[in-house]
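Dear colleague,

Please find the structure below, handed over for your review. My notes on one helix and its surroundings follow it.

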Amino acid sequence: MHEHQTHDYALKKRNSWCQFNHAKMTVMEALNELNKLVDDSDPDIDLPNSFHALQTAERIREQHPDKEWFQLTGLLHDLGKVMALWGEPQWSTVGDTFVTGCAPSPAIVFTEQFKSNPDMNDPIKSTKLGVYTENCGLDNVVMSWGHDEYMYHLLRHNKATLPEEALYMVRFHSFYPWHTGNDYDYLCTEKDRKMLPWVREFNKFDLYSKSDEVPDIEKLTPYYQGLIDKYCPGVLSW
C-alpha cells in the first residue's frame, strides 16, 4: 500500500471519487451494500462490515446515551468502504492512513514499504514539513486515500449536519500515528488538538466492539433510521 500512496496519487483519487457520481443511495442502502464486503486488512473479525458498524454504534450508545450524533458516527464511520465494491483495490480503501507530501512517521505500520514510494526521493516531499507549513492544520493536508477520507468528503458534500467532532472521527479514525502517538503535531492547529480527544474516544469503541456476536439488525434499524433522518436524510450522492 505505502509504496503507491504518493501525494499525487492521493490527490488524483480525491479528485476522482469526490465527483460523487458512482451511486445514489440512502445510508441504510449503503449499509446493506457492506454486507458484501469483508475487510481483508482487519484480522479481528470475519463478519461483514455492516455488522461491525452496528456493534460500534451500540457500544457508543451504551456509554454515551445522550449523544445521538456520536452513536450515528459509529454507524457511518466505515461506509466509505463501499469503494471496494466499485472497483477500488482494498489497499487503497482500508488500512491505516497518514499524511502524504511529507516524510512519513516511523510509527506507521509497514513503514519499510515507503522505501519504494517515489515521494521519498523528492527533495521536498521527503522532508519533515514537505509541501506544508508548520501548524498549517489538518484541514489543509492531503491524507493517503482510503475509506476515511472518502466518507469525510461525502458527508460534507451531502451537507450532513453532524458536528465537527463527528467529522474528525470519520476522517481520522485510521490515522493511528496521530491519535495514538501525537505524531504530526507540528502540522496541527489548536482546533486539531481540541478535536484529538474525541477521535481517541471514538477509537475505544471502534477497536473493541469487534466480536462474532451478530447484532439484531431488524430490531435496531428503526432507531438508527431516526438518527439518519435527523443528520443525513434521504438519498445521498456516492
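In these notes, a residue is buried when its relative accessible area is under 20%, exposed when over 50%, and partly exposed in between (1.4 Å probe, protein chains only). Helices (H or I, at least four residues) and strands (E, at least two) are DSSP runs, numbered from the N terminus. The model is predicted, so local features need pLDDT of at least 70 and side-chain atom pairs count only at pLDDT 80 or more, while totals for chains, interfaces and linings use all residues. Residues are numbered from 1 along each chain as its sequence is written, and side-chain values use heavy atoms, with hydrogens and water left out.

Helix α6 (residues 164-172) is mostly covered, with seven of its nine residues buried. These are Ala-166, Leu-167, Tyr-168, Met-169, Val-170, Arg-171 and Phe-172.

The axes of α4 and α6 (lines fitted to C-alpha atoms, for helices over the stretch in contact, with angles from 0 to 180 degrees between N-to-C directions) come within 10 Å and cross at roughly 20 degrees. Helix α4 is therefore roughly parallel to α6, a term for angles under 35 degrees.

In contact (heavy atoms within 4.5 Å), Trp-69, Phe-70 and Thr-73 of α4 meet Glu-165, Ala-166, Met-169 and Val-170 of α6. By class, this contact has five nonpolar, one polar and one charged residues; Ala, Val, Leu, Ile, Met, Phe, Trp, Tyr, Cys and Pro count as nonpolar, Asp, Glu, Lys and Arg as charged, and the others, Gly among them, as polar.

With kind regards

Conventions. Parallel < 35°, antiparallel > 145°, perpendicular 65-115°, else oblique.
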